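Biologist: Before we discuss any detail, could you put the sequence and the model on the screen, so that we can go through the side chains together?

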Amino acid sequence: MPQPCFVPAEILLPAAQTPLETWACIAVDQFTAQPEYWQRAEALAAGQPSTLHIVLPEAYLGTPQQAARLEAIRHTMADYRQNVLTRCVHGYVYVERTQMDGSVRQGLVGAIDLEAYDYTPGARAAIRPSERTVVERIPPRLAMRRGAALETPHILMLADDANQTLIEPVGARKDSLPLLYDGQLMLGGGRLRGWAVEDPALIAQIDAALAALADPDAFAKRWPAAAGQPPMVLAVGDGNHSLATAKAYWEELKPTLPEAERARHPARWCLAEVCNVHSPAIEIEPIHRVVFGVTAQELLQAIDLWDKARGGSAVPSAQRFRLADRQGEQLVALQNPPAPLTVGSIEAFLADWLPRHPQASVDYIHGASTALALAARPERPAAAILLPDLAKGDLFRGVVLGGVLPRKTFSMGHAEEKRYYNECRVIG
């Protein structure tokens, strides 16, 4: 039987009286163009133990402040490891995050085995990225992870668990579990609660659910076109480049270690939260495209020629999208889509068309109303490509059958709903 890809960990937390409002801070890749957010966060956390003091907001990447901040982070990590992170959970943490709309996102914090994860395009690992990894984004993050004593995660993983076998049964027993924290998050981030999962029977139940999700026969039944592939158990929902950085660091460190130490070195694992993609609290929204420098009619003609040139069927497929500008909008159906999802087919068209039309450019837009407004502006021709909603199963279908999804395929919730740094783990 293969080793599980998600396992219990030694999870560190500060003293129980430490307020979440100052301790936990939002993922560093948020508000990168709004330094005032981070200034407000720093004012709140000033003089208080806070994960903000052990992470580097990406708003500061490449700035003169980066080197000084990295040095301060190293000193703070050493201090927190000895004096602040005084509680340890030997297992998992079951978490509930109350979001802006009042829904509650359930999750399970544990350790991802980086040996079971691969971001290489086409890799068939148990853990796979949902979107293409931009390797150029890894080096500045790798500089942060090298030599770090601690990690704290904003990574959200997704399980394709329609029968609710992994996380929800733990939530049903939360009243019998030790409560670790309960409070409001910094700057309107909502409420966060967490319970320790250390009971051997409950951990065995989690292991059994993971084993069932990794069963080759069940995977082949779920995805007949992928029968014979190693099953995909988890997909990265958010924090793709953070997990890729952890993997890159492990691959860099591994050759320097004796074989026996490779099997137990803490850098082999990465702390993350796993959620069920089928949870009503998980919102997966499409990211639309606006193509500037072309009208919708001109773009429609180009798409039609490209689609027909591929040959094959003359019958419209199920892949449809809306094309709009200030003259109106229309529904378009592809006949010969090259990818399992509409977004992949559109990206294939744009990759072919844009280099031959240097006057045109594309932007990636959250929200159909925003995309329509941009396409309706009178000062420059623009066409909005409004992509269909993503069904929960589409994310896994796109990854399993088509490899990683194109960049900017989907968004999970608002910026304020991203995972906050809270739990910690020793990695060096």
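Biologist: Why does Asp-238 count as buried?

Modeller: This is a predicted model, in which local features need pLDDT of at least 70 and side-chain atom pairs count only at pLDDT 80 or more, while totals for chains, interfaces and linings use all residues. Residues are numbered from 1 along each chain as its sequence is written, and side-chain values use heavy atoms, with hydrogens and water left out. Buried means under 20% relative accessible area, exposed over 50% and partly exposed in between, with a 1.4 Å probe and protein chains only. Asp-238 therefore counts as buried, because its relative accessibility is 14%.

Biologist: With which side chain does the side chain of Asp-238 make a polar contact?

Modeller: Asp-238 lies in strand β11, where helices (H or I, at least four residues) and strands (E, at least two) are DSSP runs numbered from the N terminus. Leaving aside neighbours within four places in sequence, Asp-238 is in contact (heavy atoms within 4.5 Å) with His-154, Ile-155, Leu-156, Met-412 and Lys-418. A polar contact is a pair of N or O atoms within 3.5 Å, of which, within protein, one must be able to donate a hydrogen and the other to accept it, and residues adjacent in sequence count only if both atoms are side-chain atoms. At 3.5 Å, the partner of the Asp-238 side chain is the side chain of Lys-418.

Biologist: Which backbone nitrogen does the side chain of Ser-50 reach?

Modeller: Ser-50 is found in the loop between α2 (35-45) and α3 (66-83), and it counts as buried because its relative accessibility is 0%. Beyond residues up to four places away in sequence, Ser-50 touches Thr-22, Trp-23, Ala-45, Tyr-80 and Met-186. A polar atom of its side chain lies 3.4 Å from the backbone oxygen of Trp-23, and at 3.1 Å the Ser-50 side chain reaches the backbone nitrogen of Leu-52.

Biologist: How many residues apart in sequence are the parts that the pair of Trp-23 and Tyr-80 ties together?

Modeller: Rings of Phe, Tyr and Trp (its six-membered ring) pair if their centres lie within 6.5 Å, and planes under 30 degrees apart count as stacked, over 60 as edge-to-face and the rest as tilted. By this rule the count comes to 8 aromatic pairs. Trp-23 and Tyr-80 form a tilted one, with 5.8 Å centre to centre and 40° between the planes. Trp-23 lies in helix α1 (residues 20-23) and Tyr-80 in helix α3, so the parts tied together are 57 residues apart in sequence.

Biologist: In the hairpin of β9 and β10, which residue in the turn has a positive phi?

Modeller: Strand β9 (residues 179-184) and strand β10 (residues 191-197) pair in the antiparallel sense over 5 bridges, given that two strands pair if DSSP finds at least two bridges between them. The bridge partner of Asp-182 in β10 is Arg-193. The hairpin has 6 residues between its strands, and the turn residue with a positive phi, of about 55°, is Leu-187.

Biologist: Which residue just after α13 takes a positive phi?

Modeller: Helix α13 covers residues 392-402, and its buried residues include Leu-395, Phe-396, Val-399 and Val-400. The buried residues of α13 pack against several elements, among them β8 (156-159), α7 (216-222) and β13 (284-292). Just after α13, the residue with a positive phi, of about 80°, is Gly-403.
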